[in-house]
Amino acid sequence: MLSRASSQPLTDQLAQRFVARMRDQLLVSGARLPSVRQCAQMHGVSASTVVATYDWLVAQGWVEARPNRGFFVRDRVQRTAVPAAGRALPSPPPVNAASLIRGMFHQPSAVPQPGMGVLPPEWLDADFLSAALRKVVASPALRESSLRYGEPQGDTGLRDILSSKLDSIGLQAAPGQLITTVGATHALDIISRTLLRPGDCVMVEEPGWAIEFARLQNLGVRILPVPRLETGPDLEVVERYAQMHAPKMMVSVSVLHNPTGYGLSLPVAHQLVNLAHRYNFHVVEDDTYGHMAPAHAVRLSVLDGLRKTIYVSGYAKILAPSWRVGYLAAPVDLKDAFLDTKLLSTLTTPVLFEKALALCLEQGAIRRHTDRLSQLLEAARSRSVKLALAHACQFVAPPQGLFGWVDVGVDTDALALRMHDAGYLLAPGSLFHADRRPGSFMRVNFASTQDELFWRILAKTRADML
C-alpha cells in the first residue's frame, strides 16, 4: 500500500510504482492499466489521485490513452525521455483542465468539492423540473415529434421565450437569431469551429475559464491572453494585439467573471465594442453566470446589438448539470454558418429538455428558483469568506457571485496534489492562465466551502509545505 505518512504525495508514489513495473517489464508494451476505479480500490486512494497519476504517465510518454478503452503501456521506442532508473521522478505536472473535468465524474470523496463549478445537489433538487418533464412526456405532440428529428435551430417555443427574456435585459434578438445547444460550452465550440482555423489568433481574458483555454488550444489556435481588470479587459492590450496580430475573435465574460467575479464598467464596454468594429473581430460574450447577476449588469451584446458580438448563455448552472440546455444569439449574417456547424456536430438538440425548460420559463418557475438560489448563495458566500479570512487566506478580488479568487500563500499546484490525498478537488490558479504558470492563487466555490473542516485541512497542509 502507499504511505500516507510519507512527505511524498500519493500521486508521486503511485507514478513511481507504475514506472518501476514498466522498467522491470512487469507491465509490457500494450498492457492495459487498471481502470481508474479498479486502481483506486487496489491502492486505497481516491479516483482523482489515480486520474492525476495517469495524466502524468501520459504526459511523460509512458502510457497512452485510447478513447473508450482505457490506458495502455506504450511501446518503448515511442516513449519520450524519462528519468533513468534509480533517479527521483520529477513532480507531476499541474492539474490540467481535463483532470478537473474528470474529477467531476470521479470525485475524490463525498465531501463538498471546492474546485467544482456547480451548485450543491440539494440546492438544485426542485420539484418543478420533474413536474415539467412529466407534463411534456405526456403530451401527444411530443410522442409525434419524437419519431423525427427536432428542429435544427431548437424548439420554436423555447426560442420565442428566450427572445422575450433577452429583451428584458435590453438585448433585442429575434427567435430566428437564436440557436439552442447542448449547454453553453457547446455554443462556444460551435462559434469557435465556425469562425476559426488552426493558426488564427484569439484573445481570451486572463485569468480565465480553464476549459476555454484547453478547448481553444485543442483547436490549434493561438491564444492571446488579455489581463482581466476590475472594470473589464485591459483595453491597451486588446488594441495592441489587434494592431499586431489581427485576431479573429475575443472571448469575454462580462458578468460575474470566472474566476474573479469582476463585472464590466460601461466606459470599458463602449470602448471594447468600438475596438471590435475598428479592427474587425468578433467578441463572444459568455453570460453563463448572468442568472445570478444584478439587474443593472452591463453586457457588451446589449450595447452592440449583435453586430460584432455573439451572446452565449445556458441553464445547467442553475438547474442541474445534466440539464444541458444552452443557446447562442448570433448576428444575422452568421446564423446560418453557426447552424451548419451545429448540424455537423449534433444534428439537433434534445427536444424533451428544451420543451420542459420552455414550460418552466413560461410559468415563472425558473425566476422563483433563481431568486431562492441567490439567497442561498449570498449566505454561503458570507460564511465561506469568513472562514477563508480566519485561516489566513486573502481575496484577490471582491467576493461576489459563485466563485472567489483566493491567495493561499503557497504554490497551489503542489497544494492541489496534496489536497487530493485528503479527498478534496481544488482548482489551482495555473488552470486559469494560458501559460499554466504556477502561483499562490486558486478558485473556490463559495457554495462548497462552508465547512470549517476543509479550511482547517487546507491550513494544515499549507503549513506542512512551508
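These legends describe close-up views of a predicted model.

Residues are numbered from 1 along each chain as its sequence is written, and side-chain values use heavy atoms, with hydrogens and water left out. Because the model is predicted, local features need pLDDT of at least 70 and side-chain atom pairs count only at pLDDT 80 or more, while totals for chains, interfaces and linings use all residues.

**View 1. Helix α6 has a buried side and an exposed face.**
Helix α6 spans residues 127–137. Helices here are DSSP runs of H or I with at least four residues, strands are runs of E with at least two, and both are numbered from the N terminus. Phe 128, Leu 129, Ala 132 and Val 136 of α6 are buried. These four cover an arc of only 105° around the axis, so they sit on the same side of α6. The arc is taken from the directions that run from the helix axis to the C-beta atoms. An α-helix has 3.6 residues a turn, so residues three or four places apart point the same way. Asp 127 and Arg 134 are exposed, on the face of α6 turned away from its buried side. Buried means under 20% relative accessible area, exposed over 50%, and partly exposed in between (1.4 Å probe, protein chains only).

**View 2. Strand β10 is covered on both faces.**
Strand β10 holds residues 326–329. Gly 326 and Leu 328 are buried on one side. Tyr 327 and Ala 329 are buried on the other. In a regular strand the side chains alternate between the two faces of the sheet.

**View 3. Strands β3 and β9 each pair with β10.**
Two strands pair if DSSP finds at least two bridges between them. Strand β3 (residues 178–181) runs antiparallel to β10, joined by four bridges. Leu 178 stands opposite Ala 329. Strand β9 (residues 309–314) is also antiparallel to β10, again over four bridges. Here Ser 313 faces Tyr 327.

Among the lining residues are Leu 188, Trp 209, His 257 and Asp 286.

The structure holds zero disulfides (pairs of cysteine sulfur atoms within 2.5 Å).

Note on methods:
On a 1 Å grid over the protein atoms alone, a cavity is a set of points where a 1.4 Å probe fits but cannot get out, and a pocket is an open set with protein on both sides within 12 Å along at least five of seven lines; lining residues have an atom within 4 Å of a point.
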